[in-house]
Structures are given as C-alpha cells and as structure tokens.
Amino acid sequence: MFKTPPRSLTRLLLAVLLAAGAGGTYAEQPRHRPGLHRPDGAGGGRMTWEDRQRLREDLRRNDAPDRLRDERRDERRERFERMTPEERQRLREDLRNFERRR
C-alpha cells in the first residue's frame, strides 16, 4: 500500500519541522529604536495627572487668541448699541470718508 520514504528524506523532514518549531524561540528580539517607542512607556494605558494638566494648559493657550477676539468683538458691539443714532451716523460717515481716501 504505502511505501515508506527513504531514511534520508525522513530525517530531512524531521529536521525542517524541528527548525520551524524552534524558530520562534531563537528569533532575534526587537532592538530599541529611539523614534519608535511610546512616550507613555511600554504599559500604555491612561495619561498621568501631569500629562492631563499639561494638555489642558496647552489647549487654553491655543484657545486664548480666539477668546480674546470674541471678547473684543462683543465689546465693540455693545459700544455700538449704546451709541445714539447721531453718533452711529457720524461713525458711518467717518468710515465712508476713510474708505474714499484709501
């Protein structure tokens, strides 16, 4: 029925299977590359309190110019609303004159 393979072929197959099985054991461990490590350490997980605080401060700093611009716009709008109709008309005329001189 089945013919047994020659001993040399059996030994070769056995050697290949053993090498394949042991390959993971003898594989080279990954080397440390400075640009590829995670800043929060190997464990990952949640941010520390200091990191969260630093992030909050960065966000506030980046948000400050927008907030100041909005506050100035609101102040100008309030100032304009408090003006009398004559003052508003004078302001409009001044702006038209300014635009003409440009």
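This is a predicted model: local features need pLDDT of at least 70, side-chain atom pairs count only at pLDDT 80 or more; totals for chains, interfaces and linings use all residues.
Residues are numbered from 1 along each chain as its sequence is written. Local features need pLDDT of at least 70 and side-chain atom pairs 80 or more, while totals for chains, interfaces and linings use all residues, and side-chain values use heavy atoms, without hydrogens or water.

Salt bridges to begin with, meaning a side-chain nitrogen of Lys or Arg within 4 Å of a carboxyl oxygen of Asp or Glu. The whole structure has 4 of them. One of these joins arginine 54 to aspartate 51, at 3.0 Å from N to O. Both residues sit in helix α2, 3 residues apart, about one turn; helices here are DSSP runs of H or I, at least four residues. Arginine 54 is partly exposed at 47% relative accessibility, that is, between the limits for buried (under 20%) and exposed (over 50%), with a 1.4 Å probe and protein chains only.

Arginine 73 pairs with aspartate 70 at 3.1 Å, also 3 residues apart in helix α2. Arginine 102 bridges to glutamate 99 at 3.9 Å. Is arginine 102 buried or exposed? Arginine 102 is exposed, at 71%.

Now the patches, built from residues with over 30% relative accessible area and no salt bridge, like charges being joined within 9 Å. Arg46, Arg52, Arg56 and Arg60 make a positive one. Arginine 60 belongs to helix α2, residues 49-82, and is partly exposed at 49%. A negative patch gathers Glu71, Glu75, Glu78 and Glu81. Glutamate 78 is in helix α2 and is partly exposed at 45%.

Conventions. Patches are made of residues with over 30% relative accessible area and no salt bridge: like charges are joined within 9 Å, nonpolar side chains (Val, Leu, Ile, Met, Phe, Trp, Tyr) within 5 Å. Accessible areas come from the Shrake-Rupley method with a 1.4 Å probe; for residues, only the protein chains shown count as cover. Lys and Arg count as positive and Asp and Glu as negative; His and the chain ends are not counted. The place of a charge is taken as NZ of Lys, CZ of Arg, CG of Asp or CD of Glu. Helices (H or I, at least four residues) and strands (E, at least two) are DSSP runs, numbered from the N terminus.
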